[in-house]
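Hi there,

Here is the structure I promised to pass on. Have a look at it first, and my notes follow below.

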Amino acid sequence: MLDEPTTGMDAASRTGFYKLMRHYVNAHGRTVIMVTHGLEEAGAYLDNVISLERKEEEGWTCLVTNSCSAPFGPED
């Protein structure tokens, strides 16, 4: 589980990191969960994307994914 692991890296280092994570998934059967704001760069290396949005005074909502269909956050 990684929280913005490429912060502070240059573009070449970020690409190398994403390739390394992809290798661990493909070659070693690992699961990598990563928080990132750089989907335009990381997207090519990802299997699943969960995009969350939070509006004022509301809970989190799952916007984009192929495995999520319910809102996140406290139930009303």
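Where is the place of L46? L46 sits in the loop between α2 and β3.

Before I go further, a word on conventions: this is a predicted model, in which local features need pLDDT of at least 70 and side-chain atom pairs count only at pLDDT 80 or more, while totals for chains, interfaces and linings use all residues. Residues are numbered from 1 along each chain as its sequence is written, and side-chain values use heavy atoms, with hydrogens and water left out.

**The overall layout**

The protein chain has two helices and four strands. Here helices (H or I, at least four residues) and strands (E, at least two) are DSSP runs, numbered from the N terminus. Their order from the N terminus on is β-α-β-α-β-β. Of the 76 residues in the protein chain, 12% are buried. Buried means under 20% relative accessible area, exposed means over 50%, and partly exposed is in between, with a 1.4 Å probe and protein chains only. As for contacts (heavy atoms within 4.5 Å), residues 24 or more positions apart account for 28% of those in the protein chain with a separation of 6 or more.

**Back to L46**

L46 counts as partly exposed, because its relative accessibility is 30%. Leaving aside neighbours within four places in sequence, L46 is in contact with R22, M34 and L39. L46 and V32 are 14 residues apart in sequence, and their C-alpha atoms are 9.4 Å apart in space.

**Helix α1**

Helix α1 covers residues 11-28, and its 18 residues should span 26 Å at 1.5 Å a residue; the end C-alpha atoms are 25 Å apart, which agrees. The expected span is 1.5 Å times one less than the number of residues. Which residues of α1 are buried? They are R14, F17, Y18, M21 and R22. Seen down the axis of α1, these buried residues fall within an arc of 135°, so they line one face of the helix. The arc is that of the directions from the helix axis to the C-beta atoms. The buried residues of α1 pack against β1 (2-3), β2 (34-35) and α2 (39-42). On the face turned away from the buried side, α1 carries the exposed residues A12 and N26. After α1 comes G29, with a positive phi near 65°.

**Charged pairs**

Side chains of opposite charge can pair when their charged atoms come close. I counted a salt bridge when a side-chain nitrogen of Lys or Arg is within 4 Å of a carboxyl oxygen of Asp or Glu. By this rule there are two salt bridges.

- R14 forms a salt bridge with E41, with the closest N and O atoms 2.6 Å apart. This pair links distant parts of the chain, since R14 is in helix α1 and E41 in helix α2, 27 residues apart. E41 counts as partly exposed at 30% relative accessibility.
- D47 forms a salt bridge with R22, with the closest N and O atoms 3.0 Å apart. D47 lies in the loop between α2 and β3 (51-54) and R22 in helix α1, so the pair ties together parts that are 25 residues apart in sequence. D47 is exposed at 55% relative accessibility, whereas R22 is buried with a relative accessible area of 18%.

Rings of Phe, Tyr and Trp (its six-membered ring) pair if their centres lie within 6.5 Å; planes under 30 degrees apart count as stacked, over 60 as edge-to-face and the rest as tilted. The count comes to two aromatic pairs. The ring centres of F17 and Y18 are 6.2 Å apart and their planes are at 70°, so this pair is edge-to-face. F17, Y18 and Y45 form one aromatic cluster. F17 is buried at 16% relative accessibility, and Y18 is buried with a relative accessible area of 5%.

T6, in the loop between β1 and α1, is buried with a relative accessible area of 9%. A polar contact of 3.3 Å joins the side chains of T6 and Y18. By polar contact I mean a pair of N or O atoms within 3.5 Å; within protein, one must be able to donate a hydrogen and the other to accept it, and residues adjacent in sequence count only if both atoms are side-chain atoms. Not counting residues up to four places away in sequence, T6 touches R14, F17 and Y18.

**One backbone detail**

Most residues other than glycine have a negative phi. E4 is not a glycine, although its phi is positive at about 50°. E4 is found in the loop between β1 and α1.

Best wishes
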